[in-house]
Amino acid sequence: MNKTVKIRDAMRNFFFSNSSWLKIVGKGLIALCSFLIINHYFGYIEFLTDPLFAIILAIACAFIPMRAGGLVVIIYTFVQLTGLSGQVALVALILIVASYGISVFYGAKHIFIISYIPIAMQIQMPYPIVVGSALFGNMRDVTSVICGGIISFYLKTIRENASLFIEENSDITVVDVIAQKMVTNPLLYIYVTSLVVMFVAIILIRNLKISRSWLVALLVGIFAEMAIMLIGYVITGNISRVPVLLMANVVAFIVGFAMTYIFRDLDYERVERVQFEDDDYVYYVTAIPKIELAKEEKRVTRITRNRSGFYNAGKIEKESDSSENDEE
């Protein structure tokens, strides 16, 4: 127990003492991965797909707030979509503006997930982002989860049907694709529902008065989401996607467990319950102490301040002796 707590405390001290530059590096890496994924799946404008351009944008995103970085990522996605079709880009812009407007109206805290869920969806990894937001966000962030889920499925639909817009003689419109490939696709509703259920389950359970509520919330949320998606894949005949789904949920659990391990330090084995009352009420208090290690006591030895004691290496004199010498 003490060994794991020491490791956690060492990690926490490292993160907190170096939080300023770690945040910069973290935001830069997230932005860089996002730009590279966009270039790989939506690189319709060739000169923007240069890795050097992505690195420059990522460095810029590293020094701005997470919300602003997410906005840069989604705008970059919109610009790349203009290389495929003006209609596709216009619909994406409408979805982006509506999503940000709804999230701001409802006071969502993690608006940046509107940008990062769609990007992570392209590599089948949206669940770790939702888990992280649920552990540290609030219920109002569910609007960002819904909007991010819809935009991610829209981008996925466009990516899978991009050839319809590239063909010269094709007269298909983006409205036709949305109507035939997206709105009527049951996976859209199953996918968004799974994200919302996972998010809400984690939010609700993490605040319950139970032992290890964060860990229980993480397990229940991931299990509920995975069950919904498995049922959806069976119904729609997409059994081949199950291995990727399992891998994505394993990553989500690892991310959530790491956050719980580092930022939650409650010792449920030493729960104390106290009862007291006044003239009007009876109070019942449950106190859950934090996991802490006993701090090592440091012995400080005082060395004499006179010149002879300074040069006499290894010799320790009492302070009373030195005061007597001074008086003489």
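This report describes the pocket, the cavities and a nonpolar surface patch of a predicted model.

## Basis of the model

Residues are numbered from 1 along each chain as its sequence is written, and side-chain values use heavy atoms, with hydrogens and water left out. In this predicted model, local features need pLDDT of at least 70 and side-chain atom pairs count only at pLDDT 80 or more, whereas totals for chains, interfaces and linings use all residues.

## The largest pocket

The largest pocket has a volume of about 1300 Å³. A pocket is an open set of points, on a 1 Å grid over the protein atoms alone, with protein on both sides within 12 Å along at least five of seven lines; lining residues have an atom within 4 Å of a point. A volume is the space filled by probe spheres set on the points, which are joined across faces, edges and corners.

The lining comprises 28 residues, of which G26, K27, I30, M66 and M259 are the closest to the pocket centre. At least two lining residues come from each of α1 (2-17), α2 (19-42), α6 (113-121), α7 (127-136) and α13 (242-263), and α2 provides the largest share, with nine. Helices are DSSP runs (H or I, at least four residues) numbered from the N terminus. By residue class, the lining holds 20 nonpolar, six polar and two charged residues; Ala, Val, Leu, Ile, Met, Phe, Trp, Tyr, Cys and Pro count as nonpolar, Asp, Glu, Lys and Arg as charged, and the others, Gly among them, as polar.

Two cavities of 30 Å³ or more are counted, a cavity being a set of grid points where a 1.4 Å probe fits but cannot get out. The largest cavity contains about 70 Å³ of space. Its lining consists of M121, Q124, Y127, F153, K156, L187, Y191, M229, Y233 and R241, with two or more residues given by each of α8 (142-160), α11 (186-206) and α12 (213-236). Seven of these lining residues are nonpolar, one is polar and two are charged.

The second largest cavity has a volume of about 40 Å³ and is lined by I74, T77, L81, A92, L95, I96, I151, Y154 and L155. Here α4, α5 (86-105) and α8 give two or more residues each. This lining has eight nonpolar residues, one polar and no charged.

## A nonpolar surface patch

L52, I55, I56, I59 and F63 form a nonpolar surface patch with about 520 Å² of accessible area together. Patch residues have over 30% relative accessible area and no salt bridge, and nonpolar side chains (Val, Leu, Ile, Met, Phe, Trp, Tyr) are joined within 5 Å. A salt bridge places a side-chain nitrogen of Lys or Arg within 4 Å of a carboxyl oxygen of Asp or Glu. Accessible areas come from the Shrake-Rupley method with a 1.4 Å probe, and for residues only the protein chains shown count as cover.

F63 lies in the loop between α3 (51-62) and α4 (66-82). F63 counts as exposed because its relative accessibility is 60%, exposed being over 50%.

How values were computed:
Patches are made of residues with over 30% relative accessible area and no salt bridge: like charges are joined within 9 Å, nonpolar side chains (Val, Leu, Ile, Met, Phe, Trp, Tyr) within 5 Å. Buried means under 20% relative accessible area, exposed over 50%, partly exposed in between (1.4 Å probe, protein chains only).
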